[in-house]
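Visitor: Hi, could you walk me through this structure? I'd like to begin with the ligand and then look at whatever else stands out.
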Amino acid sequence: MSHSDPNCLFCKIAGGNIPADIVYQDEHVLAFRDINPAAPEHLLIIPRRHIASLNELGPEDTTVAGRILQAAPAVAREAGIYDSGYRLVFNTGPDSLQSVFHIHGHLVGGRKMGWPPFPGGAVEHG
Ligand code: 5GP
Ligand code: ZN
């Protein structure tokens, strides 16, 4: 299995082939500013290796999954929102509106957020 997809936008960013405003990187992960921020601070945390989504996370990815979570406070510190607070969101699949199929955590903050995080009223099933 390849660890990089030549057609994947975030593999290209991880490989340095497309520029990004990188705020944190280590052996396993990197974090950069979202090009279309949804909050005053909006960073994306990605693994260097290509994993399409949470649905494709396998037992061999345990270390990298942990590293994504462990990077979050360091990234939040870089963004100046470590103490004020932040949210880490992994959109997965069509209903979530995932648009880039290289797993990424959206780390957002810098403003007071709402809960629940989705607009709309009643829960609809089916
Ligand atoms: P998704 O919709 O898959 O959960 O999130 C993808 C995110 O990637 C979006 O928030 C979008 O703004 C961001 N994005 C898409 N293309 C680029 C890019 O070329 N550079 C950066 N920095 N962010 C991007
Ligand atoms: Zn990729």
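Visitor: Which residue has a polar backbone atom 3.3 Å from a nitrogen atom of ligand 1?
Guide: That residue is Ile-35, whose polar backbone atom lies 3.3 Å from a nitrogen atom of ligand 1, and please keep in mind that this is a predicted model.
Visitor: And what about the oxygen atoms of ligand 1?
Guide: One oxygen atom of ligand 1 is 2.8 Å from an N or O atom in the side chain of Asn-91, while for Ser-99 a backbone N or O atom lies 2.7 Å from an oxygen atom of ligand 1.
Visitor: How much of ligand 1 does the protein cover?
Guide: On its own, ligand 1 has 520 Å² of accessible area, and the protein covers 82% of that.
Visitor: Which pocket does ligand 1 take up?
Guide: Ligand 1 takes up the space of the second largest pocket, and the elements giving two or more residues to the shell around ligand 1 are helix H1, residues 9-14, and strand S2, residues 29-33.
Visitor: What sort of residues make up that shell?
Guide: Sorted by class, the shell around ligand 1 has seven nonpolar, six polar and two charged residues. Of the 15 residues around ligand 1, the ones that come nearest are Arg-33, Asp-34, Asn-91, Ser-99 and His-106.
Visitor: Switching topic, how many aromatic pairs are there?
Guide: The count comes to one aromatic pair. The ring centres of Phe-10 and Phe-32 are 5.4 Å apart and the planes stand at 80°, so this pair is edge-to-face.
Visitor: Where do those two Phe residues sit in the chain?
Guide: Phe-10 is in helix H1 and Phe-32 is in strand S2, 22 residues apart, so that the pair links distant parts of the chain.
Visitor: Last topic: which residues does a cis peptide bond join?
Guide: The cis peptide bond joins Trp-115 and Pro-116, with omega at about 5°, and Pro-116 is placed in the segment after strand S5, residues 105-109.
Visitor: Which residue has a positive phi although it is not a glycine?
Guide: That is Leu-97, with a phi of about 70°, and Leu-97 is found in the loop between strand S4, residues 86-89, and S5. As background, most residues other than glycine have a negative phi, and most peptide bonds are trans.

Key
Residues numbered from 1 in each chain as written. Chains lettered and ligands numbered in written order. Heavy atoms only, no water. Near = heavy atom within 4 Å. Polar contact = N/O pair within 3.5 Å; in protein donor to acceptor, adjacent residues only side chain to side chain. Areas by Shrake-Rupley, 256 points an atom, 1.4 Å probe, with all protein chains shown as cover. 1 Å grid on protein atoms, 1.4 Å probe; cavity = no way out; pocket = protein on both sides within 12 Å on 5 of 7 lines; lining within 4 Å. Sits in = over half its atoms within 2 Å of the grid points. Helix = DSSP H or I, 4+ residues; strand = E, 2+ residues; numbered from the N terminus. Nonpolar A, V, L, I, M, F, W, Y, C, P; charged D, E, K, R; others polar. Phe/Tyr/Trp six-rings, centres within 6.5 Å; stacked < 30°, edge-to-face > 60°.
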